[in-house]
Amino acid sequence: MKRSITVWAVLLIFISGMTLNGCKSVQNANSSQKGAGIGAAAGAALGALIGGKDNRAAGALIGAAVGGGAGAIIGHQMDEQAAEIETTMPGAEVVRSEEGIQLILDENADVRFEFNSSDLTSAAQSNLGKLVEIFDKYADTDILVIGHTDSDGSETYNQTLSEKRAASVVTFLTSKGVAASRLKSTGMGETQPRASNDTKEGKAQNRRVEFTITANEDMIEAAKEQAGEN
């Protein structure tokens, strides 16, 4: 399933107290405007609405927002990159938010690890390899890789496993030429499930790797210059 989160729609809910159902009527707004004009206080509220204050991916997206004309330019570039990822990896979930991209890879995208291990399967390596060309094309971005697990095993074990799996993805990407300076990894263990851990299907959704893709300083400065904001 592919989702698109329109910042202006969510922000409108926060400001005016509209119900979440009202958000659906404006979700088709031009997503290149997502980054234009999100203030610090509104951004904090938006982060809570997207995924909660402890959601590492949402927090990174909110924290990287530039706003203004530069933000709109960055948003347009992120739209293009997100579209290419969706075409290249149809099993992935791509979420456009503000001036960044949240990319969620689970078993639907055939990104798996060996059982009880941080080693990527050969199929996972092949699918991750498809992203390398896109990451190289949009080189002025930073990429945070976040590992998640299901609830099988202890919390301590799962936390360590999620960190190792995220680091394994970073190691693979750097081995394919993605600059290490663009990549960071972290793990959230079992603390942020997307589905119930009571079912096999739910656990499969929770065993995942997420990418948070945001503009680096070069992209930000170029966007500000293009927007006449320097």
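Trainee: How many residues of the lining of the second largest pocket are nonpolar, how many polar and how many charged?

Mentor: The lining divides into six nonpolar, four polar and eight charged residues, where Asp, Glu, Lys and Arg count as charged, and Gly is among the polar ones. This is a predicted model, in which local features need pLDDT of at least 70 and side-chain atom pairs pLDDT 80 or more, while totals for linings use all residues. Residues are numbered from 1 along each chain, and side-chain values use heavy atoms, without hydrogens and water.

Trainee: How much space lies in the second largest pocket, and which residues are closest to its centre?

Mentor: The second largest pocket holds about 350 Å³ of space, and among its 18 lining residues Phe115, Asn116, Asp150, Arg165 and Arg207 are the closest to the centre. Both α7 and β6 (208–215) give two or more residues to this lining, and α7 gives the most, with four.

Trainee: What makes α6 oblique to α7?

Mentor: Helix α6 (residues 122–137) packs against helix α7 (residues 155–175) at an angle of about 60°, with the axes 10 Å apart. Therefore α6 is oblique to α7, since an angle under 35 degrees would be roughly parallel, over 145 roughly antiparallel and 65 to 115 roughly perpendicular, and the rest are oblique. The crossing of the two helices is right-handed.

Trainee: Which residues make the contact of α6 with α7?

Mentor: From α6 come Gln125, Leu128, Gly129, Val132 and Phe135, and from α7 come Val169, Phe172 and Leu173, contact meaning heavy atoms within 4.5 Å. By class, this contact has six nonpolar and two polar residues, and no charged ones.

Key: Axes fitted to C-alpha atoms, helices over the stretch in contact; angles between N-to-C directions. Left-handed = near helix turned anticlockwise from the far one by under 90°. 1 Å grid on protein atoms, 1.4 Å probe; cavity = no way out; pocket = protein on both sides within 12 Å on 5 of 7 lines; lining within 4 Å. Points joined across faces, edges and corners; volume = space filled by probe spheres on them.
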